[in-house]
Amino acid sequence: QVTLSSIGDAVITTDAAGSVTFLNPVAETLTGWPGGEAVGRPLDEVFCIIDETSREAIESPVSKVLRHGTVVELANHTLLVARDGTERPIDDTAAPIRDANGNLIGVVLVFRDVSERRQSQQTLRQRAEELTEADRRKNEFLAMLAHELRNPLAPIRSGLDLLVVEHGESEAIQLMQEQVAHVVRLVDDL
């Protein structure tokens with residue numbers, strides 16, 4: 001009991017009938033039920049969980065453990081509804097408590113508030129979407145820029161060719177042709 005009271009996760013234990021036998025301080029805080037009021041009550045009164053999407057009640061993992069005798073974890077998107085109506089996303093695991101002969105005598109339920117983790121995941125998703133959109137806009141801009149830069153290069157290149165035909169090759173025209181060819185390569189790379 002000292003160990004269960006000291007850990008950072010919320011802990012509730014039940015007897016073999018599914019009635020609450022213990023809540024640690026974290027469980028009291030998350031459920032809104034003081035231990036003295038919760039002990040002896042059916043778990044479903046103290047530990048109310050719903051599906052985040054459908055808003056429908058979810059079967060308690062303790063009921064599943066009592067029925068099957070194995071460890072059970074909840075799926076994602078589970079909300080704990082506290083006594084005051086506050087809703088928190090949680091992760092949880094329930095495991096059987098067995099006596100020395102292997103008989104199921106209760107269940108231990110361990111759960112944690114994952115609000116911060118969910119918020120971090122949401123922030124990361126939003127940031128990824130923003131970066132994807134910024135990348136798309138950058139690509140559109142670069143494509144438009146390359147197109148617009150090509151438009152004046154064609155007449156400049158043609159004009160230099162005409163100068164060569166009319167005046168012959170000169171050092172100045174050759175330098176201009178090299179510079180235009182360099183800009184064309186840059187635009188192609190762009």
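**View 1. β3 and β5 run antiparallel to each other.** In this predicted model, strand β5 (residues 78–81) pairs with β3 in the antiparallel sense, and the pairing spans four bridges. Look for Ile50: the residue it faces in β5 is Leu79.

**View 2. β5 also pairs with β6.** Here again the sense is antiparallel, with four bridges between β5 and β6.

**View 3. Arg55 has a positive phi without being a glycine.** You'll find Arg55 in the loop that links β3 to α5. Its phi is about 70°, on the positive side. With a relative accessibility of 44%, Arg55 counts as partly exposed, because that class covers values between 20% and 50%.

**View 4. Helix α5 has three residues tucked away: Pro61, Val62 and Val65**. The helix itself takes in residues 61–68. Viewed down the axis of α5, its buried residues fall within an arc of 105°, so they line one face of the helix. As for what covers them, the list includes α4 (43–46) along with the strands β1 (10–15), β3 (48–51), β4 (72–73), β6 (87–98) and β7 (104–113).

**View 5. The two ends of α5.** At the start of the helix, Ser60 brings a side-chain oxygen to within 3.0 Å of the backbone nitrogen of Val62. Just past the other end comes Gly69, with a positive phi of about 75°.

Notes:
Residues numbered from 1 in each chain as written. Predicted model: local features only at pLDDT ≥ 70, side-chain atom pairs only at ≥ 80, totals over all residues. Heavy atoms only, no water. Buried < 20%, exposed > 50% of the residue type's maximum accessible area, 1.4 Å probe, protein only. Arc of directions from axis to C-beta. Contact = heavy atoms within 4.5 Å. Polar contact = N/O pair within 3.5 Å; in protein donor to acceptor, adjacent residues only side chain to side chain. Pairing = 2+ DSSP bridges.
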